[in-house]
Structures are given as structure tokens and as C-alpha cells.
Amino acid sequence: MMNNRKIFDRGIRNISGCGLVGMINKNGVKVGGEIIKKSLYLLNDRGNGLGAGYAAYGIYPDYKDLYAFHLMYDSKKILDETEEYLKKNCIIENKEMIPINPKAINDSHPILKRYFLQPRLNTNESIHETEKIEEDDQIVRIIMNINEHIDGAYVFSSGKNMGAFKGVGFPSEIADFFKIDEYEGYIWVGHTRFPTNTPGWWGGAHPFTLLDWAIIHNGEISSYGINKRYLEMFGYKLTLMTDTEVATYLLDLLIRKHKLSIKTACTILAPPFWKDIDKCDNPDNNYLKKLRMVYGSASLNGPFAIFFAHKRGLVGFNDRVKLRPLVIGTKDESVYMSNEQSAIYVLCETPDRVWTPKASNPVIVSLNENVN
Amino acid sequence: MIEIDAKGIYYRDLNRLIRKKIKEGNKDIYLKNVKGQYYICDGIRGDDIKVIIEGIPGNDLGAFMDGPTVILKSNGQDNIGNTMTSGKIIVNGIVGDVCGYAMRGGKLFIKEDAGYRIGIHMKGYKNKNPIIIIGGKAGDFLGEYMAGGILILLGLTAKDNEPIVGDYLGTGMHGGVLYIRGSVDKSKCGKEVETKKLNKGDKKILEKLITEFCEDFSLNFNEIMSKEFTKLIPKSSRPYGALYAK
């Protein structure tokens, strides 16, 4: 369960394994989770049953302006302690146990509860009187506090009108456990992982989330140490002992806090080689040099294919030399991604186009402008 | 010809079934509804065996294969023909990455685009000479560490003047030959390759292989041959010889 969150469990290695699937409908048309479960099932052997998860967007239309917190707890005592903290710092509109089917998995599971809330803004959380604290920042602080300071409690989803569902098990077990076929989303991601050094813990499964970011990842972020130290300067706490966590917070920092475009963020995370920058003329040449110099500690080293979702889109991108597979399929207004082509054919029997993108071209898909 | 419906069959069971049918003497097999099953046709032997696949086979199709002909009616995934000894794989669509990895004989014909690291460390041995022909474009690291064999890239799917090769073309190459249809931007080539003009021998090889390729995919031979090819060969057979010792 969650007790395996010990420091020496740092050696979680995602080798070539891991199965990734993602889909988005650019018109915001929703589909039920059954199809993503079927698609990820095809990649079952890319995982070893020690972690799987899904995230979907548009699933809580009744609470769409509230942050939907998904928490896992080791015990009732920890739940009570956390709820005390939440009550102090948030206005909780509604709270309920996350509907589950416990028979779907062979093992024990943490207590799983969800809360629809908004932060209280006048608390002691502000660092400085003049610092303007935005709602999102307040929420991030609450999450970091819980994950770092309340042992045995972990916020695993926190966006508005979206939710992540993950744990220790095979992808179809986790899908059935969380009853994902009962949710309808216009963006879905699914992941099955292959950790080898640890028994796996519920929080270590993908997707990793923060606010409305959901990240799934195949590969190994060998720059974890550098990225972690860089992120800590900005107040992010890395508590989940899995390299993928840095990607989540880097995207939050670059896109939400520093207001960079998704394309720029991808260029920072997987920057072009100096030899390729040298081939560019100005202003690109200068611009790319600046990005590399300012954000050197934010680049990800190591083989990877990463999908990240947010409320208005889905992105798939690779390390610069594409050491992990990534395939895209499209049909009308839907876009599909996976690290195996056949998983796309489960999501869509007759795609219009299927291709493998070049490493330096992140595939950035957004909802159409007229969709709200 | 016997038909096997692969729908919903786990890859291990499917491959067991295929091998059983071959052992029973079936030489013509048609696989229907294949979707992502791994290791199909791996290690199977026999020049007279033919397998047709409808659907998308999973990774490592035809790995270590020795003799059979496998025809994919649509696309393939990654690692096709991995360490293949002999035989022929025909793909009527695109393929993913790392196909023909350490291939040591036989033919791999791909109608459309291919991904990264195609033909990585292809090698020949005595009378075995592996051949890969890609009808479309290829990604980075084409022919990386190539030690032998022939790799041909046609780029027929390219639009306007888009490049048909990626970066690091032939990086680490120390044997074999690459034929690229059209001209090649030198900056895309690895340090270990150099371009050469085609000689009579090259032209004969190309004509023979392109003829076969066109037959397999109903393409126009004259149209393909109307453009000049660039030949790339390794500068040295030991490109890293001085890396650790002078």
C-alpha cells in the first residue's frame, strides 16, 4: 500500500516498459472510460501490475468551478488529521468517498476520498503581506503541505472538472476498481508502469498531477537531481520518489507561473542540440540560446516519451533522440496517442492518418477555440 | 491456406498456435484481426512458408526469422525483422522504430515511412546480405552502426522538397552501403560516412532490387529511377579504432 514510501525506495526504474495511451476530442465531445481501458489493456505486458492509472477531463460538470481533490489515506486517523487541515484552509462544498469496486484488485487499498473545494485566501499561508496570492498558488501550497507534512496522506488529483484514478494493479484492474467506465471525458490518458526496484506504491503510479496537469511518462529522467533542486527553489516539494514528478512541476512552473507557451516549455524540456542552434539564424539563434542558458536546470535528460494533458489540450513529446516510441493517429476532430500503434487502433478502428512524429516536434493538440 | 482469427487471442497463445500449424505441415497461413500481438513469426524457419497478416502486428514481428515470407496488409510496429537471418517481410504501410535491427540476411520491404534507427547494426555474413528498402521517408539514425548489407531509401511520400532523411544518417557505419534517392544534405550525415557516385555495379544492384520492390507494391519503376541516387559508404571499417588508443 502506501507504507513503502521510504527513502531507500528511490530506485524506481521505469525501463523500456510502460504503456501509454491518450486521446482528445477537439470539440470537447466526451467519451466513457471503457474505450481507454480497452486500449490500455492491449499494452498490458508493458506493465507488471505494480502501477496503472487514468486521468480524464470534463468528468465533474456539476462542480466545474471547484478544485476536485482526490486523496489517498493510510488510515482513518490520517484522514481526520488531513480533513482538519483542509477545513482550515479551504471551503469544502462537498466531500465523498471515491466510488470503488474493491473486488477488482487482489490487494488492500488506501482510503480514497474526494473533495470539491476552493481555497480560503486569508490564511497564514501567505509569505509576505504584499504578495498577491492566486487561487492556484494557494492550492499548490496546500497540496505540497499535505504531501510533505502529513505522513500517510497524498493528494493525487487536484484540478477543476478533471480527475486522476491510479493505484497498484494492472490497468484493467485499476479501471474496474475506480469504475472509470462511469466517467465521461473529452480528454483521457492511461498508463501502466513497470517499476522493478520497489513493490510499487499507490502514489507512485502515473499519471502525476498538479492542478489540471496530468502527466504520464515512459522512460527515465536521469536529470532528476538537478531538476529537483531547481524546482525546490520555487517551492515545489518532491515527495513522491518517482522521476516523473519533476516533469509535472516543471510544466506547472514554465507554463502556469512563467506564462510560457506549451511549445516553448517543450523546447526547454527537450532543447535542441547546440549544433542545431548554431545552424539557426537570428532571432531563433538568440532565442534558443537564451532558453538553454536561463532554463538549463529545467531540461530533462534521459530517454522519454511524455504525454501531458491539461483542461484545454493534450501534448506528446520525446527526448531529442527519440529513445522511446511515440505514435499519433487522427480521425476527424479526435487525436490519439500511444507508444504502440495498435493501441490507437483500439481507440479508433479506421484512423485517417497514423504517423510517428520527429523527436524535435512535440505534438500539441488543443481544443478548438470556439469550445468553452 | 489456413485462416487463423487472432481476435482477442493473447500473443503467447497465438504464436503457439501458429507454430503448431506450421509443424502440422501448413505452409500458407492467413492471420485475421491481429492487433498488437507481439513476436509473431519469431524464429520460424522454412523457405516455403508464407504468412499473411491482416491487422497491426505488435512489436518484434519476424525476429530471428529464417526463410519464410511474411506479408503485412497494413502497417507494422517496432523492431520488425530484428536479427533476421533470411526470408522476406513486406509491409504495405508504415513501420515504427528500430526495424531490421542487427539484421543479417533476408529482405525487409516497407512501402511507406519508417521511424528512427532503421537498419541499426545491419550486418552480412558470407553469402548472406540483408536488404532493407523503404519507400517513404526515414527518421534519424538511419543505418546507424551499419556493418553490412544494403539499405535503400526512396522518399516517395515526401512533399515538395521536404528532406527524406533525418539527422545522424549512417552514424557509426563501418560496412555495407546506403542508397538514398535524390541528394543528401551533408549536414545530416554522420561523421563516418561519405558520399560517392554510383558505378555500374551499384546501378545493377539498384535496378534489380527496385524492380522487385515495384512488383511487390505495384509502383512505377521508371518514375522511381528517374531521380539520381546518392551512395553512402563508410569512410573506414574501424571508425572508432583510435578512440581509446593512438
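Tutor: Two strands pair if DSSP finds at least two bridges between them. Keep that in mind for this predicted model.

Student: In what order do the four strands of the open sheet in chain A stand?
Tutor: Strands of a sheet pair through backbone hydrogen bonds, either parallel or antiparallel. Here the pairing is antiparallel. The sheet is open, and the order in chain A is β5-β6-β4-β7.

Student: Why is one side of β5 and of β7 of chain A left without a neighbour in the sheet?
Tutor: Look at where these strands stand in chain A: β5 and β7 are at the edges. One side of each has no neighbour in the sheet because each has a single partner strand.

Student: What is the average twist from one strand to the next in this sheet?
Tutor: Go from each strand to the next and average the twist.

Student: Which residue of β7(A) is the bridge partner of A:Tyr73?
Tutor: Start with the strands: β4(A) and β7(A) pair over four bridges, in the antiparallel sense. In β7(A), A:Tyr73 has as its bridge partner A:Ala153.

Student: Which helix packs on this sheet?
Tutor: Look for contacts with β4, β5, β6 and β7 of chain A. The helix that touches them has a direction about 5° from that of β6(A). It is α2(A).

Student: Which are the edge strands of the seven-strand sheet in chain A?
Tutor: This open sheet runs β8-β3-β10-β1-β16-β15-β17 in chain A, with antiparallel pairing. An edge strand pairs on one side only. In chain A, that picks out β8 (162-167) and β17 (353-355).

Student: How far does helix α3 of chain A reach from its first C-alpha to its last?
Tutor: The helix covers residues 135-149, which is 15 residues. At 1.5 Å a residue, its reach is close to the expected span. From first C-alpha to last, α3 of chain A reaches 21 Å.

Student: Which residues of α3(A) are buried?
Tutor: An α-helix has 3.6 residues a turn, so residues three or four places apart point the same way. What covers the buried residues of α3(A) includes α2 (76-89) and β6 (111-119) of chain A. The buried ones are A:Gln138, A:Ile139, A:Val140, A:Ile142, A:Ile143 and A:Ile146.

Student: Over which residues of chain A does pLDDT stay under 50?
Tutor: The mean pLDDT of chain A is 91, and 91% of its residues reach 70 or more. Where pLDDT is low, the predicted coordinates should not be read in detail. In chain A, pLDDT stays under 50 over residues 1-14.

Terms used
Residues numbered from 1 in each chain as written. Chains lettered and ligands numbered in written order. Predicted model: local features only at pLDDT ≥ 70, side-chain atom pairs only at ≥ 80, totals over all residues. pLDDT = per-residue confidence, 0-100. Contact = placed C-beta atoms within 7 Å. Helix = DSSP H or I, 4+ residues; strand = E, 2+ residues; numbered from the N terminus. Expected span 1.5 Å × (residues − 1). Buried ≥ 20, exposed ≤ 12 C-beta atoms within 10 Å, placed from the backbone. Axes fitted to C-alpha atoms, helices over the stretch in contact; angles between N-to-C directions.
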